[in-house]
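Please examine the sequence and the model shown below before reading on. The report then describes selected features in running text.

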Amino acid sequence: MTRESRGGEGIGSGAGGAGRAVGWSVVEAAVPELARWVRERFGAYRHHVLATVRKDGAPRLTGLEADFRHGELWLGMMTGSRKVADLRRDPRFSLQANPGPGTDLAGGDVRVSGRAVEVADPGQVARYAAAVRPPEPFHLFRAELTEVVRTSTEPPYVVVETWVPGRAPRTIRRTSNDPARRGE
């Protein structure tokens, strides 16, 4: 049986309504436990999978290093990479944390989605470069998030926790015997 719960309304600092994109610090303030899981999962491995939209509208999956720093989620990329061209043309993305070895979902499986904003301010780029020391030259994007998702297991359930700015957090518990969900 599917079980669903929603947290209280009026979460966070009031930044953004449903569908708006917010910085990482807003996620941490609005849903601190979910944010902690997301940071831990991304922190467990260096390389993750970025989905962008190609020029022809098809999805593109590429590897990426993501970094949480100064209250933001940063995406650094090599100069001339196709993902840079994709994000400049269409800033929508999803970033899936590396699940690591095995298939047990230890700690859960997480992804974030939103829009990537290229950082053009030389001071911000220099501050990031001084702290991270990426290969230069590089492009830097700040993630503005529209969705945060964690999938984990709680036998006999698969548990899906989601948060969208301006909405209450949502948790769905499902088993293989549940009827298929439609309209989501």
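Predicted model: local features only at pLDDT ≥ 70, side-chain atom pairs only at ≥ 80, totals over all residues.

Residues are numbered from 1 along each chain as its sequence is written, and side-chain values use heavy atoms, with hydrogens and water left out.

**Overall fold**

The protein contains four helices and nine strands; helices (H or I, at least four residues) and strands (E, at least two) are DSSP runs, numbered from the N terminus. Along the sequence, their order is β-α-α-β-β-β-α-β-β-α-β-β-β. Of the 184 residues, 40% are buried. Here buried means under 20% relative accessible area, exposed means over 50%, and partly exposed lies in between (1.4 Å probe, protein chains only).

Strand 8 (residues 157-163) and strand 9 (residues 170-174) run antiparallel and are joined by five bridges; two strands pair if DSSP finds at least two bridges between them. Glutamate 161 has threonine 171 in strand 9 as its bridge partner. The hairpin of these two strands has six residues between them, and glycine 166 in this hairpin takes a positive phi near 85°.

**Aromatic rings**

There are four aromatic pairs in the structure. Rings of Phe, Tyr and Trp (its six-membered ring) pair if their centres lie within 6.5 Å; planes under 30 degrees apart count as stacked, over 60 as edge-to-face and the rest as tilted. The pair of tryptophan 74 and tyrosine 128 is tilted, because the ring centres are 5.9 Å apart and the planes stand at 50°. This pair links distant parts of the chain, since tryptophan 74 belongs to strand 4 (residues 72-78) and tyrosine 128 to helix 4 (residues 122-132), 54 residues apart. Tryptophan 74 is buried at 6% relative accessibility, and tyrosine 128 is buried at 5%. Ring pairs also link Trp24, Phe42 and Phe68 into a cluster.

Tryptophan 37 has charged groups over its ring: the charged end of arginine 36 sits 4.9 Å from the ring centre, and arginine 150 lies over the face at 3.6 Å from the centre. A charge sits over a ring if NZ of Lys or CZ of Arg is within 6 Å of the ring centre and within 35 degrees of the ring normal.

**The largest pocket**

The largest pocket holds about 460 Å³ of space. A pocket is an open set of points on a 1 Å grid over the protein atoms alone, where a 1.4 Å probe fits, with protein on both sides within 12 Å along at least five of seven lines; lining residues have an atom within 4 Å of a point. The volume is the space filled by probe spheres set on the points. Of the 21 lining residues, Arg46, Glu65, Gly76, Pro134 and Pro135 lie nearest the centre. Strand 3 gives the largest share of the lining, six residues.

| Residue | Phi | Relative accessible area |
|---|---|---|
| Histidine 70 | about 55° | 44%, partly exposed |
| Arginine 133 | about 60° | 66%, exposed |

Histidine 70 is in the loop between strand 3 and strand 4, whereas arginine 133 is in the loop between helix 4 and strand 7. A cis peptide bond with omega of about 0° joins glutamate 136 and proline 137. Another cis peptide bond, with omega of about 10°, joins proline 155 and proline 156.
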